[in-house]
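Welcome, and please open the model in your viewer.

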Amino acid sequence: MEKIVTRHFDVPNSYLLETYLKDNGYAAARKAITQMTPALVIDEVKKSNLRGLGGAGFPTGTKWSFIPQTNPKPKYLVINGDEGEPGTFKDKYIFELDPHALLEGIIITCFAIGSHKAYIYIRGEYVKSLQRVQAAVDEAYKAGYLGKGIMGTGFDIDVVVHPGAGAYICGEETALLESLEGKKGFPRLKPPFPAVVGLFGCPTVINNVETISCVPPIINKGAEWYAKLGCEKNGGNRLFCVSGHVVKPGVYELPNGTTLREIIYDHAGGIPNGRKLKAVIPGGISAPLLTPDQIDVKMDFDSLKAIGSMAGSGGIIVMDDTTDMVWAAMVAARFFAHESCGQCSPCREGSGWVYRNVKRLYHGHAREHDLRNLPGIVNNIGGNTICAFGDAVSMSIGSYVTKFRSEFEAKLVKSEYAQPNH
Amino acid sequence: MFSAEYLKELDKIKNKYEQPRAALLPILHFVQDKEELITPEAEKNIAEYLGVPVVHVHEVVCFYHLFTLKKLGKCHFSVCQTTACALRGSEDIIAYIEERLKIKPGEVTSDGKFSLGLVECLGACEIAPIMQCNKDYVGGLDKKKIDELIAKHR
C-alpha cells in the first residue's frame, strides 16, 4: 500500500529541510504557483475527494471555494493543530516528523485562497511539536520558501506558529479563532461562517494538519491518483490512531474504507491476554460506541455515519471484556464536564449533571431516578448549544447508556439505596 | 513595569500578530516560563503592555489549564485520566503517586518539590498511561517509573 502522509516518517532526520528537499520537496508548491491558477488548484483538490481530517469530513476544495475573492480584506489560513480529541495523536507525528510537508501544503493552500498569512495553532502541551515546527519555519524562511517572493515567484507568505494553552474546546474552529485573537475559547455562533468573517474579522480557512499535509502529493501526482486510493466520496488514506486494549497501540496509515476489524486485529495486533472485544470508540471520544457485531464497518465518513456513529478524528479506543461500561461512561462524562467551556447553559450544567449522575451509579450511591433521568438529561444537551460539543456529550454518553443498559441497571440493584436495610 | 530586556522579547512576540491582543497566549507562556506562575502584578503589566483591561488577562489565565495562579512544585506531575489512559491503569498510577507523595491532586508537597495535577487527554494515547513531568512526556507509566521520577527530583 502506498503511504502518503507517513511516507517520510522512517527517514532519518525527516524533519529537516535538507531531507525534505531530497524527495522532491516544495516541487508541488512551485508547480502550483508557477503553472496553475488558484481556481485550478481548488478544482484539483475538489476532484481528489480530500475531506477534512480533523473530524468533520467537509470536502476541502469546497471549503476553500467559499472564500469570497471580491472581499478586499486580507485572507487567512489557520491550521488547526490543537489535537485534543481523546484517542487522537496523529498530528503530533506530522509536526515532529514531517513539518515541511505541512508548510508546503500551507503555501499551496494560501495560493489557492489568495492568502498571504497563515497561523499554525499547536496545542500548548506539544512542546516538541512547537519546537520542531518553529525550527522548520525558520529553515524555510532562510531558504526562501517562506517570506517575500518565495522561490523567486513573487508570491509572499508569512507563517506564525501559535501555542495553545490547554483547552479542548479550542479544537472547535471558531473557539480556536477566539483563542488565536487572545480571548477565552468560546465558540462563535454561525453564521457568519469563518470563510466570510473569521480571524480578525477577515475571510479565513481553517484546516486540520493532516488534511493540509495531503495537499502537496495531490498537486504532484494528481487528483485522480488520490481519489482512487480511498473509497467513493472519501479519497486517499487516513491516519488511524489506535489505543486502549490492543497489543500494538499506534498510528496506522490506511486507505479510507479499511474495516475496523482489520485495523484492530491485523494492524494493531488484536486484544491482549486472550481477552475479547467489548466495545470500541471509532473516531475519538465524541463518537458513539460500537459493539463487536459492528466492527466490519468500513472506516470512512459516510459508512460510519450510516451506522449511527462517526469517523471523527480517527481516534480508535478499544475496550476489552473486562471493562466496566458504567465506569467507562463515567470517565468519558468526567472529560466532558471538565472540558465544557461554560458558555451555553445546557452544556455547562448538563455535562456536570451527567457526570455526577453516572458517578453515583458507578459508586453505588444512585437512586432509581438517577438512571431514569439520565437519557433525558443527555438528550437535552445536544442540539441546544452553540457548538457541537453539546452534541458530542449526547451522542457519546447516550451510546453507553443505550448499548449497555443492563450494566447500568445492575449498578442500581447494587446501590446502597436498593439494600433491604436502607 | 517589565524591564527593557523583557520588553524586547515581548515586542518580538507581539510583532508577529495583526492585533496586539492576539499575542496574549504566547506572552503568558513566556512570562510563566520565567516566573513559574502568573502573578497579579504580571497580569497588570501584560494588560498595560497589550492595551487591554486587566480583567481580560485574568479571565484568559483562568480559562486555560496550562496557566497557573499559584506556584506548583519544582516537579509537577500532570497525569492523564481520560479513557485511553484510564483503560491502561491511570487510576492506579494516580493512587500510587498520592501514596508516595502524601498529597492529593491540586496539592504541593510541604518541601515544595512536587505537585500533582489530573489532566484530560494529552494526545499520547499510544504510550498510555502517561503524564507530563513538567513539560516532558513520560509514557508507559508503572510504579517503577514513578519511583525513578521521584528519586530523580527528590
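Select chain B to begin: among its contacts with a separation of 6 or more, 55% are accounted for by residues 24 or more positions apart. Two residues are in contact if their C-beta atoms, placed from the backbone, lie within 7 Å. You are looking at a predicted model, in which local features need pLDDT of at least 70 and side-chain atom pairs count only at pLDDT 80 or more, while totals for chains, interfaces and linings use all residues. Residues are numbered from 1 along each chain as its sequence is written, and chains are lettered from A and ligands numbered from 1 in the order in which they are written.

Stay with chain B and switch to a cartoon view. It shows 7 helices and 4 strands; helices (H or I, at least four residues) and strands (E, at least two) are DSSP runs, numbered from the N terminus. Traced from the N terminus, the order in chain B is α-α-α-α-β-α-α-β-β-β-α. The C-alpha trace of chain B spans about 50 × 35 × 25 Å along its principal axes. Of its 154 residues, 38% count as buried, meaning that 20 or more other C-beta atoms, placed from the backbone, lie within 10 Å of the residue's own.

Now select chain A, with its 18 helices and 8 strands. Its C-alpha atoms fill a box of roughly 85 × 45 × 35 Å along the principal axes. Buried residues make up 57% of the 422 residues in chain A.

Next, show the place where the chains meet. Chain A brings 44 residues to the contact and chain B brings 32. On the chain A side, helix 14 gives the most, with 6 residues. That side divides into 21 nonpolar, 15 polar and 8 charged residues; Ala, Val, Leu, Ile, Met, Phe, Trp, Tyr, Cys and Pro count as nonpolar, Asp, Glu, Lys and Arg as charged, and the others, Gly among them, as polar.

For the last stop, select residues 345-363 and 389-403 of chain A, which are helix 15 and helix 17. At what angle do these helices pack? The angle is about 25 degrees, with the axes 10 Å apart; axes are lines fitted to C-alpha atoms, for helices over the stretch in contact, and angles run from 0 to 180 degrees between N-to-C directions. Display side chains at the contact, including Pro346(A) and Val354(A) of helix 15 and Phe389(A) and Ile397(A) of helix 17. By class, this contact has 6 nonpolar, 3 polar and no charged residues.

Key:
A residue is buried if 20 or more other C-beta atoms lie within 10 Å of its own, exposed if 12 or fewer, and partly exposed in between; C-beta atoms are placed from the backbone.
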